[in-house]
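Thanks for coming. I will go through one model today, residue by residue first and then surface by surface. Please have the sequence and the 3D view open.

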Amino acid sequence: MRALAIAIFLTLPQSVYAQDRGQILSDIIAVHILPGYAALSESTNALAEAAHTDCSPTSDQLRSAYHAAFDDWISVSHLRFGPSETEDRAFALAFWPDTKGFTPKALSGLIAVEDSAIQSPDAFAETSVAGRGFFALELMLYDPRFADQGSAEYRCALIQAISSDIDRNASAIDADWATYAHALANPGETSPYRSEDEAMQELYKALITGSEFTAETRIGRPLGTFDRPRPKRAEARRSERSLRHVELSLTALRDLAERLSADHPDIAADLDSAFTVAIDRAQSLDDPSFADVSTPQGRFRVEALQQSINDIRAIASTELGPTLGINAGFNSLDGD
Amino acid sequence: MTSRRSFLAGLAAASLAPLRGWSAVGAPDYLAAALFPDGTFRLAGLDAGGDILFALPLPARGHAAAAHPYQAQAVAFARRPGTFAIIIDCATGTQTAVLEAPKGRHFYGHGVFSTDGTRLFTTENDFEAGQGVIGVWNTDDYTRIGEFASGGVGPHDMRLMPDGRTLVVANGGIETHPETGRTKLNLPVMQPRLTYLDQNGQVLEQVELPQDLHKNSIRHLAVRADGLVGFAMQWQGDTSQHPPLLGLHRPGEKPWLFSAPNAEQSTLQGYAGSIAFSGEGETVAITCPRGNALHRFRVADGQLDGVFRHEDVCGLGTAPNGFVFTTGAGVIGQLSKNKAQISARPDCQWDNHLIPIRTAA
């Protein structure tokens, strides 16, 4: 998500307001980032154990471990830089959107030949990112197409391999954050960040791209157009997690926004009220998989939710961005 | 689909006065869009010295343009994901036609005319299929006469090779869909390609980068008179990596990638905006608007030959003795062997690209 479209132009190395960035950086690392990835690593460990205890797709224990771990992933899924990007770990955890149906193809491919790669974590880690992670596991647990493909033994071993691979990636990200946290908090020669401003800008980008992804992709894909709504494109709709992902990501982004704007109370207040509106709208929707986007009334409510996230994005880019020395540049719009 | 009339007209124009149409509007070397001080977006004709020869109003901010080979006629594309482009008569400033993308397609903002001017080719997105398309238009009346696959996903810039027949396409590899804005839908599996096609859509050659660079989107192109192709890239991978952003390719060979030393390369934020060869063809340069720098390399050995710092530098073109560049801060500059000369015009914000009206090399 870090790399998604953003119109950010990093201008002057010294921003207009010269506060002590160090305190904000340390706070975000200690309270927002490290506990988030630690929680993910713990719940994915529980997921791997649950899969090895009972690999039945309908097992309550396995399904609830899946939901708990997926929750923890969504809550850090806006923090797409550094350890999450090493070896494509984040993509291997969450290959979505899948516009060309690569995930079912990859799974069917493994099952059809009973690929032995699933017997070795190293070998499985070399297979396509599309056939790994939470979205592959969701298909194995919830999609009827995979309930009877191939042999029961192979399906069981595949579910266990996917769960262990999720845990392996989450643990690797968590472990790497121990050293990366130091680099983010201490910019300079030995850090990927040359200044505290650059480190702050990385976190700001996480806020901007995270809210953009939730508005444009998590909500935008199922919305489609009025004439052609696309409810089947909703994220993790089979396990009815689509709306939940919006709510979880908004909650995490709100925490990040609050900490990023800690030294600008007016902006913090504006962001806080915008997040309140958006989270209220998400919580009052009774449409867990965005199935109702096909009806005019249901669509209207999901559009209102999307609009409230766009309002957050506008406040972040017009109010918060400039305090961090970030302006939308004329020529740096992504990809042109 | 060339009509007899346009064929004869093209032949006559090509043989008698190849640039008569453009000379009537001051013989500009480039087209460039800009935001002017009165708040209007305009398409300007510039000469290599940086003088503005004309500046015609556009209905909205454009992306790039394409210049007819001999008539003073320009195509201005809307920004992505634009569904229309306008044809402007640069002598009168009037809009003479509108191209509308067919249902299920949008423009990527680049296009190129055939050598005889009878056809216009445009890079487009077949967004339901997530595949790139080249649209073909008859320039008599700007009707669409066909399309063919671009050979990849997300075709962006496109040029005509010096043989006058082969198209070279920068298939950037990134899938987008208008319903999800500029969200990139396929980063983990993206596969950019440099694709050579004939004008019927037959793929002549596909060039891919090594697998560890599959997130390096090939987006903008320059072609030297001898057919050497330069390509500028935009890195979509981990920001702690600083891969090359400039490559050269000669048909039939492997691509060759150029990079500045890491301390310099790491300031570019993985983003090159435009590419051009110098007039004498011995150097090649990229502009890096996020790193506020222009990097120039020697073609012969790939050595970094100069770093020039300008805020929001993006437009870049070939000039007789070097390069011409523009910036979003209003600068027009000339770069010759050892010096950069600036003519500041703080009243215009120049857009991404300088479109050559003829190949200076």
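Phe226(A) counts as exposed, because its relative accessibility is 59%; the cut-offs are under 20% relative accessible area for buried, over 50% for exposed, and partly exposed in between, with a 1.4 Å probe and protein chains only. Phe226(A) sits in the loop between H8 and H9 of chain A. Helices here are DSSP runs of H or I with at least four residues, strands are runs of E with at least two, and both are numbered from the N terminus. From Phe226(A) to Ser191(A) there are 35 residues in sequence and 48 Å in space, C-alpha to C-alpha.

A word on where the values come from. This is a predicted model, in which local features need pLDDT of at least 70 and side-chain atom pairs count only at pLDDT 80 or more, while totals for chains, interfaces and linings use all residues. Residues are numbered from 1 along each chain as its sequence is written, chains are lettered from A and ligands numbered from 1 in the order in which they are written, and side-chain values use heavy atoms, with hydrogens and water left out.

Next, Ser151(A). Its place is the loop between helix H6 (133–142) and helix H7 (152–185) of chain A. Ser151(A) is partly exposed, since its relative accessible area is 23%. Its side chain is joined to that of Glu114(A) by a polar contact of 3.1 Å. A polar contact is a pair of N or O atoms within 3.5 Å; within protein, one must be able to donate a hydrogen and the other to accept it, and residues adjacent in sequence count only if both atoms are side-chain atoms. Leu110(A) is 41 residues from Ser151(A) along the chain, and their C-alpha atoms are 12 Å apart.

Now the backbone. Most residues other than glycine have a negative phi, and most peptide bonds are trans. Which peptide bond is cis? The one from Trp96(A) to Pro97(A), with omega near 0 degrees. Pro97(A) belongs to the loop between helix H3 (89–93) and helix H4 (102–113) of chain A.

Glu87(A) has a positive phi, near 50 degrees, and lies in the loop between helix H2 (60–76) and H3 of chain A. Asp312(B) also has a positive phi, near 55 degrees, and is in the loop between strand E23 (304–309) and strand E24 (313–319) of chain B. Are these two residues buried or exposed? Glu87(A) is exposed because its relative accessibility is 67%. Asp312(B) is buried, because its relative accessible area is 4%.

Staying in chain B, Glu264(B) is in helix H3 (residues 262–265). Glu264(B) counts as buried because its relative accessible area is 17%. Leaving out residues up to four places away in sequence, Glu264(B) touches His295(B), Val307(B) and Arg309(B), where contact means heavy atoms within 4.5 Å. With Arg309(B), there is a side-chain polar contact of 3.1 Å.

Back to chain A, which is divided into domain 1 (9–21 + 190–327) and domain 2 (46–173); the bounds come from an automatic or database domain assignment. The domain centres, taken over C-alpha atoms, are 27 Å apart. Between them the two domains bury about 1800 Å², with 64% from carbon and sulfur atoms. Buried area is the accessible area (1.4 Å probe) that two parts lose on being put together, summed over both. On the domain 1 side, Arg238(A), Ser239(A) and Arg241(A) supply 32% of the buried area, more than any other three residues.

How many salt bridges does the rule find across this domain interface? It finds 3, a salt bridge being a side-chain nitrogen of Lys or Arg within 4 Å of a carboxyl oxygen of Asp or Glu. Arg238(A) and Asp143(A) form a salt bridge at 3.2 Å, N to O.

Last, the two chains. In contact are 49 residues of chain B and 39 residues of chain A. Chain B and chain A bury about 3600 Å² between them, 48% of it on carbon and sulfur atoms. In chain B, the residues losing the most area to chain A are Glu179(B), Arg182(B) and Arg290(B), together 17% of what that side buries. The rule finds 5 salt bridges across this interface. Glu175(B) and Lys100(A) form a salt bridge, with 3.8 Å between the closest N and O atoms.
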